[in-house]
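Please keep the sequence and the model in view while reading.

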Amino acid sequence: MIALLQATTQQTPTVSTRIGEPNVIAMAFFFAFIAITLGITYWAARRTRTTEEFYAAGRVITPGQNGFALAGDYMSAASFLGIAGLVSTTGFDGLIYSTGWLVGWPVVLFLIAEPLRNLGKYTFADVVAARLRQTPVRIAAALGTLATVSFYLIAQMVGAGGLIRLMFGLSYETAIVIVGAAMMAYVLFGGMIATTWVQIVKAGLLLGGAALLALMVLAKFGMNPLALFAAAADRYGASVLAPGKLVAAPLDAVSLGMALMFGTAGLPHILMRFYTVPDARAARTSVFYATGLIGFFYLMTFVLGFGAMVLVGPDAIKAVDKGGNMAAPLLAEVLGGTPFLGFIAAVAFATILAVVAGLTLSGAAALSHDLWVNVVRHGEADSQEQLRVARFATVALGIVAVLLGILFKGQNVAYMVSLAFAIAASGNFPALVLSILWRRCTTEGIVSSMVIGTVSTLLLIWLSPTIQVDILKNTSAWFPLKNPALVTIPLSFAVGVFVSLATRDDVAAERFAAAHRRMHVGEA
Amino acid sequence: MSEHRFHSLAETRWRIAVSLTALMVAIYFGFILLIAYDKPLMGRLLTRGLSVGVLLGALVIVLSWVLTWVYVRWANTHYDAGLDEVRRGEAGS
């Protein structure tokens with residue numbers, strides 16, 4: 001999984017590969033991508049004058065475009081490199097992640113997408129705060145957003161630095177500064193319009209690159225995936241098609257599954273995309289497209305992973321990078337030589353860049369729209385001031401992301417991303433569901449749910465075996481699970497319900513009928 | 001009249017949304033629990049190159065998409081038509 005993005009530093013080049021050497025073709029593709037996306041940003045900057053354009057792309061994105069943009073925001077380099085690597089080195093176990101990464105999308109569609117579009121303006125806090133007291137709800141929601149975004153950003157930055165060093169031969173710090181600068185340019189000048197189109201270009205490149213690679217693999221096996229799987233089983237034993245060590249502890253598997261399934265519906269940068277389309281119907285249709293694109297992509301990881309296992313070999317893959325992250329680029333090199341390796345490497349870099357831009361924009365929206373405009377200024381800020389604050393927040397977040405990326409160099413990326421999903425699932429998702437569905441919920445209930453959901457997740461991750469045993473080298477951990485979602489999601493729901501029942505919020509109950517109507521019918 | 005129509009429509013949407021969510025949860029956690037508690041079954045080969053586990057994994061992905069299709073189809077035809085009726089009722093009153 002994303003885990004594997006933990007790029008290992010030492011290389012033992014036992015296989016003949018040009019990975020790690022400056023690759024002219026990779027550079028050319030990469031600078032072409034930067035040039036095209038900066039061109040898009042220039043075009044978008046001239047169309048970004050209001051907050052509606054900066055945060056929500058003027059709400060004129062079509063469902064098809066938003067489907068691609070959602071897929072672009074969601075499919076990180078982790079899915080592409082990490083899952084392919086995991087399948088190529090462990091076989092079936094890697095496929096557990098291919099499925100887990102997709103099953104959150106139907107939940108987003110059924111429970112969240114339409115009410116979110118109808119009740120909110122720019123952030124998911126708009127929905128939670130719709131009939132509750134603004135100040136406490138906005139502060140709690142910004143806490144959940146910034147915690148989720150920070151851990152996700154660190155994971156992407158650390159992954160980017162390691163990958164770029166491995167693929168282009170640039171230094172880790174140079175790579176992080178390039179990613180930070182390009183991402184700031186997109187968001188600062190082009191806002192959501194540029195970010196959306198960068199996601200669309202990136203999703204097209206990633207899907208196209210992966211499909212081309214998968215076709216080239218299948219061409220070697222008579223276009224029959226089963227012939228490929230059979231070849232893998234013949235060479236490495238039938239056990240590669242069966243569950244292995246990865247799910248030795250069933251509760252760990254269930255807990256991770258819960259984080260993935262409900263975390264997707266609480267990711268701020270994904271939720272923010274639903275405001276870019278004209279109405280709830282378009283929001284709904286865009287999830288259908290996104291699920292199809294992402295599902296197709298994860299089905300291709302079956303072929304890429306087993307293809308790399310058979311055509312490159314697990315030992316050769318692990319020799320280049322212990323975590324297996326270089327499986328897809330190595331496969332490209334075997335099938336299409338250095339030019340194809342260069343193309344796939346550039347696609348992986350573009351992928352990270354786009355995800356980082358989406359994350360930064362959602363963090364900037366939490367800081368400026370939720371905290372500055374609604375808490376500090378009580379909604380009394382004009383459009384120019386809002387844009388100024390949003391851009392200031394973007395620069396601040398960009399600098400923080402670069403510094404965190406350098407500070408957390410060599411950290412385990414897996415743990416950072418599972419943390420981001422667990423916080424989103426426990427801090428944001430229960431509050432969204434309760435405030436949308438339950439008439440009786442109160443400001444106190446929702447705020448406690450968000451704060452306790454976020455804080456308990458952070459605390460239990462700190463006490464988990466991943467931190468205590470793997471990183472701090474203690475002999476045992478106080479909390480047995482690697483991912484706390486199994487405990488923290490029910491806890492967050494329970495706190496929200498009990499505190500609501502113990503308090504009264506007459507204003508919230510009074511406003512329920514109107515909010516309930518607007519959630520379905522939209523603005524009158 | 002419009003008020004009654006709205007409430008039954010909203011109730012139907014939530015019933016369908018919650019049932020489909022429950023179905024998705026059952027499908028995915030069914031798959032995870034089979035992996036956790038019946039590894040031999042998941043490793044059994046159905047034909048050369050295809051184990052039960054690989055087939056079910058692909059099915060989870062395909063079914064997720066089919067469920068979104070089922071919901072979108074229902075919502076685009078029945079739910080949206082109902083909403084239009086409610087909106088017209090509002091405009092008329």
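## The largest nonpolar core

In this predicted model, the largest nonpolar core contains 228 residues. The members that touch the most other members are Val128(A), Val179(A), Leu304(A), Ala328(A) and Leu331(A). Helix H15 of chain A, residues 327-376, supplies the largest share of this core, with 32 residues. In soluble globular proteins, nonpolar side chains tend to be buried together.

Val179(A) illustrates how such a member is surrounded. Setting aside residues up to four places away in sequence, Val179(A) touches Met157(A), Ala160(A), Ile352(A), Leu353(A) and Val356(A).

## Overall form of chain A

The secondary structure of chain A consists of 21 helices and zero strands. Along the principal axes, the C-alpha atoms of the chain occupy a box of roughly 70 × 50 × 40 Å. For 524 residues, a compact globule would have a radius of gyration near 24 Å, and the 22 Å of chain A agrees with this.

Buried residues account for 65% of the 524 residues in chain A. When contacts between residues at least 6 apart in sequence are considered, 84% of those in chain A join residues at least 24 apart.

Helix H5 of chain A spans residues 92-100, and nine of its nine residues are buried, so the helix is largely enclosed by the rest of the structure. The buried residues are Phe92(A), Asp93(A), Gly94(A), Leu95(A), Ile96(A), Tyr97(A), Ser98(A), Thr99(A) and Gly100(A).

Two packed helices are described by the angle between their axes and the distance between the axes. For helix H4 (residues 77-90) and H5 of chain A, the axes come within 6 Å and cross at roughly 155°. Angles over 145 degrees count as roughly antiparallel, and H4(A) and H5(A) are therefore roughly antiparallel to each other. On the side of H4(A), the contact is made by Ile83(A), Leu86(A), Val87(A) and Thr90(A). H5(A) contributes Asp93(A), Gly94(A), Leu95(A), Tyr97(A) and Ser98(A). Sorted by class, this contact has five nonpolar, three polar and one charged residues.

## The contact between chains A and B

The contact between the two chains takes 42 residues from chain A and 41 residues from chain B. On the chain A side, the elements that give two or more residues are H5, H6 (104-119), H10 (225-236), H11 (250-263), H13 (280-311) and H21 (506-521). H13(A) provides the largest share of that side, ten residues. By class, the chain A side divides into 30 nonpolar, nine polar and three charged residues.

Pro225(A) is placed in helix H10 of chain A. With 20 other C-beta atoms within 10 Å, Pro225(A) is buried, because the cut-off for a buried residue is 20 or more. Apart from its neighbours within four places in sequence, Pro225(A) is in contact with Leu218(A) and Val303(A). Pro225(A) and Thr454(A) lie 229 residues apart along the chain, and their C-alpha atoms are separated by 43 Å.

Met184(A) belongs to helix H9 (residues 172-219) of chain A. This residue is buried, with 21 other C-beta atoms within 10 Å. Not counting residues up to four places away in sequence, Met184(A) touches Thr394(A), Val395(A) and Gly398(A). From Met184(A) to Lys482(A) there are 298 residues in sequence and 34 Å in space, C-alpha to C-alpha.

## Two loop residues with positive phi

Most residues other than glycine have a negative phi. His378(A), although not a glycine, has a positive phi of about 50°. His378(A) is placed in the loop between H15 and helix H16 (383-407) of chain A. With 10 C-beta neighbours inside 10 Å, His378(A) counts as exposed.

Lys473(A) is likewise not a glycine and has a positive phi of about 60°. The loop that holds Lys473(A) runs between helix H19 (465-471) and helix H20 (485-502) of chain A. Lys473(A) is exposed, with 7 other C-beta atoms within 10 Å.

Terms used
Residues numbered from 1 in each chain as written. Chains lettered and ligands numbered in written order. Predicted model: local features only at pLDDT ≥ 70, side-chain atom pairs only at ≥ 80, totals over all residues. Core = buried A, V, L, I, M, F, W, Y, C linked by C-beta atoms within 7 Å. Buried ≥ 20, exposed ≤ 12 C-beta atoms within 10 Å, placed from the backbone. Helix = DSSP H or I, 4+ residues; strand = E, 2+ residues; numbered from the N terminus. Contact = placed C-beta atoms within 7 Å. Nonpolar A, V, L, I, M, F, W, Y, C, P; charged D, E, K, R; others polar. Axes fitted to C-alpha atoms, helices over the stretch in contact; angles between N-to-C directions. Parallel < 35°, antiparallel > 145°, perpendicular 65-115°, else oblique. Rg over C-alpha atoms; globule rule 2.2 N^0.38 Å.
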